[in-house]
Every structure is written in structure tokens, then in C-alpha cells.
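Morning, everyone. Please look at the screen, and I will start with one side chain before turning to the whole protein.

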Amino acid sequence: MLRKFIKMEGIGNDYIYFDCLSESLEDPSAAAVRLSDRHTGIGGDGIVLIEKSGCADAKMRMFNADGSEGKMCGNAIRCVGKYLYDEQIVQKTEMRIETLSGIKALRLYAEGGRVDRVLVDMGKAEFAAEKIPVALPQRDVIDTPLSIGGKEYRITCVSIGNPHCVVFEDPDALDLSKIGPLFENAPVFPERINTEFVKKTGERSLKLRVWERGSGETLACGTGACAAVSAAVALGLFPKGEDILVHLRGGDLVINVGDTVRMTGAAKKVFEGVVEI
């Protein structure tokens, strides 16, 4: 069966999008594995399904490149908002999108009838170990020592709808392809973990590299950027309620950690086509 797809990216975090508002996609897990391959498939960090919702303007489901379903993706949800607006499916600049981690509010910024930037209210950052989850005795895992691969790190764990482990170490001075899988599959993280290696670069800026569970290193991670700034605020590195510029390998995001975490960044359509499912 032939299915139309749209390739979109948010600062280099690229997914294959399927409009499932009127037609479902069978076995999306298997499709994610096959289509995400950059040599034999379309290529991407996974696939995203845009579905009908009974409680919001639309529903987003995302599957990583290894076929596992994720609860939330900050870069993908901006692209979902862009698609719904640009295709005149939802003609308003404030939307609500249902995800497995709850309903997220979007504010779209359009020029010439096309969205180029989206603000997402990601909700509250959660530090409680049992809700991330992290198998450690502390209630909150903030600046906690942890040995991974024979080396001790100071970790801060936070959930932004999905689990993250933030480590303040120079992201350019490590072998992420080696260290990333050790964090992702460490027994202390029973549902695996996304890991951010972070360096503060200015009074209101930081840079990071991210290892995503199920996808490996990606050029960007919206929830990872939110987790990194939330951790930095918790550690006293940045004040609460200020815009923080986050430099990722694929581009920049602006994160503001106040009563909730707000993320602003680009959303772009790359191309569209038809693929046999």
C-alpha cells in the first residue's frame, strides 16, 4: 500500500510524518524501524503519526528509530502544529495537541501564511525519582553521584514527559557513541534514559549534546533542552523565569523555566513523497 508522507525537522531533529486523521497506519513500530534507516529507507530519527483527538485539536504519536514508542518529543510537536496550520486543517495560531504525556499548548508564529516558529508549553519539570523513574533512594536526583562505565558522574534527573539524565560535562570532550549507550541501558534507569551532556557558555546560554534512547545521538532534542535548563535552574546556574539560549548541534532553542517550561524553536518542512508500507 502506498502512503503519502511528509519529512519535517526541528533544528535537525528529523521525523517522517504521516497524516492519520482519516486513515490509520498499521504496525507503526515496524514502519519506524524500516523507514528511519538512512540507507534503505526514507531516513529520520523516527516516525510521527498525526491522529484525531477527542480532547484536543489533534493527537501526536511518535516512534523512535528502534520502533519503541515515545511519550513526547518537543521538536516533533512543533512540526505537528506547523503541518496542521499550513495545510489549513486547524486554522488558529493557538492549538492543543494530545500526547502520551498529556495535552500540550502551542502558540504558532506565521509569516506569509506559513508557520516558521512555535512556542510549546511543556508543563512542569518533574524531579521525583519514582516518576522519572530512577532506581535510587533519593526523593529527587539532583547533583547526585553515579558510576557509569567505571567513571563517577554528577547527575540530575528530570522528566519533561519523558525521562532525562543531565550531566554537566563538556559535550565536545567525550566519546558520546561509547558513553551514551552505557547511560541509556544502565540498570538504575529501568525504562532507559535520554542523556544530555551540558556546558554553560554564558550568563544566559548553554550548549549540549544528547543521546536519545532508541535513536542514539540526534542533532537536537527539545525535551532534552528543557531538561538541561531545568537542571541548570535547580542547580542555581540560571535564574528562574529567564530566557535561556540552548545551542544544539542542529541549531538553537529558547527555553524559559518558570511555573512551567516553555520552549520556542523553528519547524520546517523538508520534502514530501509517497512510500510503500
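Which backbone oxygen does the side chain of arginine 3 reach? The backbone oxygen of aspartate 19, at 3.2 Å. Keep in mind that this is a predicted model.

Now, where does arginine 3 sit? Its place is in strand E1, which covers residues 2-10.

Is arginine 3 buried or exposed? Buried. Yet arginine 3 has no salt bridge. The nearest side chain of opposite charge belongs to glutamate 23, and that is 4.0 Å away.

Next, the surroundings. I leave aside neighbours within four places in sequence. Arginine 3 then touches residues from Phe18, Asp19 and Cys20 to Glu23, Ser24 and Leu25. Its contacts also include Gly273, Val274, Val275 and Ile277. So much for one residue.

Let's step back to the whole protein. How many helices and strands does the protein have? There are 4 helices and 18 strands.

What about overall shape? The C-alpha trace spans about 50 × 35 × 35 Å along its principal axes. A compact globule with 277 residues would have a radius of gyration near 19 Å, and the protein has 18 Å, so the two agree.

Now the inside. Of the 277 residues, 53% count as buried. Take contacts between residues at least 6 apart in sequence: 60% of them join residues at least 24 apart.

The accessible surface comes to about 11,800 Å². Carbon and sulfur atoms account for 46% of that surface.

That's my part. Thank you.

Conventions: Residues numbered from 1 in each chain as written. Predicted model: local features only at pLDDT ≥ 70, side-chain atom pairs only at ≥ 80, totals over all residues. Heavy atoms only, no water. Helix = DSSP H or I, 4+ residues; strand = E, 2+ residues; numbered from the N terminus. Buried < 20%, exposed > 50% of the residue type's maximum accessible area, 1.4 Å probe, protein only. Lys, Arg positive; Asp, Glu negative; His and termini not counted. Polar contact = N/O pair within 3.5 Å; in protein donor to acceptor, adjacent residues only side chain to side chain. Contact = heavy atoms within 4.5 Å. Rg over C-alpha atoms; globule rule 2.2 N^0.38 Å. Areas by Shrake-Rupley, 256 points an atom, 1.4 Å probe, with all protein chains shown as cover.
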